[in-house]
Amino acid sequence: MITGSPTTRQLPRTKPKGRHPQKALSPAFIRSAPPGRHADGNGLYLFVQPSGTRSWIQRLLIRGRRRELGLGSVVLVPLAEAREKALANRKLARQGGDPLAEKRRAEGIPTFAEAASRVLEQKQGGWRNPKQSREWLSSLTRFAFPRIGKVPVSEVTSADLLEILTPLWHRKVATAKHVRQRLRAILEWAVAMEYRIDNPCDRIGPVLGAQKDVTEHMQAVPHREAAAVIRKVRESGALPAARLALEFLVLTAARWGEVRWAEWAEIDRNGKVWTLPAKRAKMNRRHRVPLCGRALEILDAAQALEGGAGPLVFTHGGGKPIHDSAVRRLLRQLGVAAVPHGFRSTFRDWAAEETDHPREVIEAALAHVVRNRVEAAYARSDLFERRRTLMDDWARYLAQGTGKDAESLE
């Protein structure tokens with residue numbers, strides 16, 4: 001593409017006034033033309049520089065903007081070929097296409113897999129959990145890449161997307177939604193990079209049809225069975241760090257990722273508080289968790305396992321974090337029909353059914369965000385002391401079924 005440098009702007013223009021020329025140039029004139037721009041038709045110009053270098057350029061109105069395209073040197077591109085290119089470009093521009101983008105695509109279009117890699121690299125900087133990156137790529141590797149991974153991103157069609165999504169659409173609803181979102185993001189990137197002019201994801205919705213809006217809740221145990229689960233965990237022969245982490249998770253009603261990556265630097269034993277920094281909290285804001293006596297005992301036991309030498313609280317083998325699936329696997333081995341996150345629901349049900357603690361205190365204990373903007377603007381306090389009372393009540397409730405002395409939980 002040729003830009004309008006000062007030198008080119010000063011050169012004379014030889015396009016005649018009035019009617020646009022058609023095939024105005026001849027081979028003889030091309031060889032002897034003076035410096036300047038000489039019109040041939042369809043926006044095609046012979047561009048002769050003061051040095052004598054001769055090349056073809058074309059001026060077009062592309063999507064409302066006047067653009068210039070370089071079509072090559074007259075040494076490599078004869079007059080007939082230049083006219084053919086100019087006519088094709090003008091037709092494409094009149095149909096709403098972009099000849100400049102077509103030229104860029106011809107120079108090197110990434111495959112869909114390569115485009116996915118670039119999009120992932122751009123997105124993952126904003127993700128707090130590395131797991132998101134792995135899940136993002138894993139779903140595409142499993143469902144999309146076998147069909148379109150090696151296809152140029154410009155050639156992916158709506159038919160391709162339907163072949164990928166149709167087998168999942170009604171059978172694996174959540175997976176299908178995630179895969180479709182990721183396909184859309186990659187193809188939207190291709191549109192932004194001018195590798196293609198449309199996103200075929202926009203056309204497949206009516207063909208796929210509506211999905212059954214089924215809400216699948218995390219598996220959770222009833223709160224009356226929570227103490228029995230803790231007792232089972234304590235008596236099991238599972239990895240000590242996993243047993244401690246699970247009980248700590250239940251007592252604090254925290255998220256599993258928050259517990260798994262808990263650091264000693266976040267623990268204030270004297271103040272009996274665990275402070276989650278904003279970068280690790282789901283809602284991207286600092287969250288303080290009151291610690292009962294039993295939670296502090298768990299921390300002492302965790303420190304004794306490996307001396308607390310590393311930064312993480314719950315570790316296994318040289319200060320490494322316990323595996324992401326360690327607690328889930330432990331629950332499965334014990335025959336407990338629940339997942340780690342489900343204990344937050346267990347806590348929530350207990351607080352609503354068995355206590356008189358206000359709803360806002362319960363929600364604050366779960367680090368939930370106030371949805372009402374007006375209410376949120378005035379809710380500056382994190383209700384910490386009232387939450388401490390709530391969590392102490394929760395610890396006492398669990399102690400009643402585990403045989404643990406309730407007085408030690410204070």
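The model is a predicted one.

Two packed helices are described by the angle between their axes and the distance between the axes. For helix 8 (residues 158-169) and helix 9 (residues 173-192), the axes come within 8 Å and the crossing angle is roughly 160°. Angles over 145 degrees count as roughly antiparallel, so helix 8 and helix 9 are roughly antiparallel to each other. As for handedness, helix 8 goes past helix 9 in a left-handed crossing. On the helix 8 side, the contact is made by L161, I164, L165, L168 and W169. Helix 9 meets them with V173, T175, A176, V179, R180, L183 and L187. Sorted by type, the residues of this contact come out as 10 nonpolar, one polar and one charged.

R180, which sits in helix 9, deserves a separate look. With a relative accessible area of 19%, R180 is buried, because the cut-off for buried is under 20%. Leaving aside residues up to four places away in sequence, R180 touches L165 and W169, along with C201, I204 and G205. Take C201: 21 residues separate R180 and C201 in sequence, while their C-alpha atoms are 7.7 Å apart in space.

Elsewhere, there is a hairpin to describe. Strand 3 (residues 54-62) and strand 4 (residues 65-73) run antiparallel and are joined by eight bridges. One of the paired positions is S55, whose bridge partner in strand 4 is S73. Two residues lie between the strands of this hairpin, and R63 takes a positive phi near 50° there.

Methods
Residues are numbered from 1 along each chain as its sequence is written. This is a predicted model: local features need pLDDT of at least 70, side-chain atom pairs count only at pLDDT 80 or more; totals for chains, interfaces and linings use all residues. Side-chain values use heavy atoms; hydrogens and water are left out. Axes are lines fitted to C-alpha atoms, for helices over the stretch in contact, and angles run from 0 to 180 degrees between N-to-C directions. Helices (H or I, at least four residues) and strands (E, at least two) are DSSP runs, numbered from the N terminus. Angles under 35 degrees count as roughly parallel, over 145 as roughly antiparallel, 65 to 115 as roughly perpendicular and the rest as oblique. A crossing is left-handed if the near helix is turned anticlockwise from the far one by less than a right angle, and right-handed if clockwise. Contact means heavy atoms within 4.5 Å. Ala, Val, Leu, Ile, Met, Phe, Trp, Tyr, Cys and Pro count as nonpolar, Asp, Glu, Lys and Arg as charged, and the others, Gly among them, as polar. Buried means under 20% relative accessible area, exposed over 50%, partly exposed in between (1.4 Å probe, protein chains only). Two strands pair if DSSP finds at least two bridges between them.
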